[in-house]
Amino acid sequence: MSEHIEVQHELDTCGLLCPEPVMMLHNKVRDMIAGEVVKVIATDPSTQRDIPKFCNFLDHELLHSEEANKQYIYMIRKAAE
């Protein structure tokens, strides 16, 4: 990761399958303040498709995504309300 992203929340969805990771993310984001960042850790490969679509649909900013050690890591900034 080229820049440091300050993370306020972390969501571990390892072991969960679609649609659970996105449902949990939706609930987490609902409780966050606009501009806060959540780090999502997932093991379901479908999150590579689902999380960017979720962000695009709800105008949240996908700051970073990576795959490492069979895990998918996402950094998402909540959109202004």
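Visitor: Which residue takes a positive phi in the hairpin of β3 and β4?

Guide: In this predicted model, Asn69 does, with phi near 55°, in a hairpin that has two residues between the strands. Local features here need pLDDT of at least 70, side-chain atom pairs count only at pLDDT 80 or more, and totals for chains, interfaces and linings use all residues. Residues are numbered from 1 along each chain as its sequence is written, and side-chain values use heavy atoms, with hydrogens and water left out.

Visitor: What makes β3 and β4 a pair of strands?

Guide: Strands are DSSP runs of E with at least two residues, numbered from the N terminus, and two of them pair if DSSP finds at least two bridges between them. Seven bridges join β3 (residues 61-68) to β4 (residues 71-77), so the antiparallel strands count as paired.

Visitor: Why is Asn69 called exposed?

Guide: Exposed means over 50% relative accessible area, buried under 20%, and partly exposed in between, with a 1.4 Å probe and protein chains only; Asn69 has 76% relative accessibility and therefore counts as exposed.

Visitor: Why is Ser46 called buried?

Guide: Ser46 has 15% relative accessibility, so this residue counts as buried.

Visitor: How do you know that Ser46 and Asp44 make a polar contact?

Guide: The term requires a pair of N or O atoms within 3.5 Å; within protein, one must be able to donate a hydrogen and the other to accept it, and residues adjacent in sequence count only if both atoms are side-chain atoms. The side chains of Ser46 and Asp44 are joined at 2.9 Å, and therefore the pair qualifies.

Note on methods
Helices (H or I, at least four residues) and strands (E, at least two) are DSSP runs, numbered from the N terminus.
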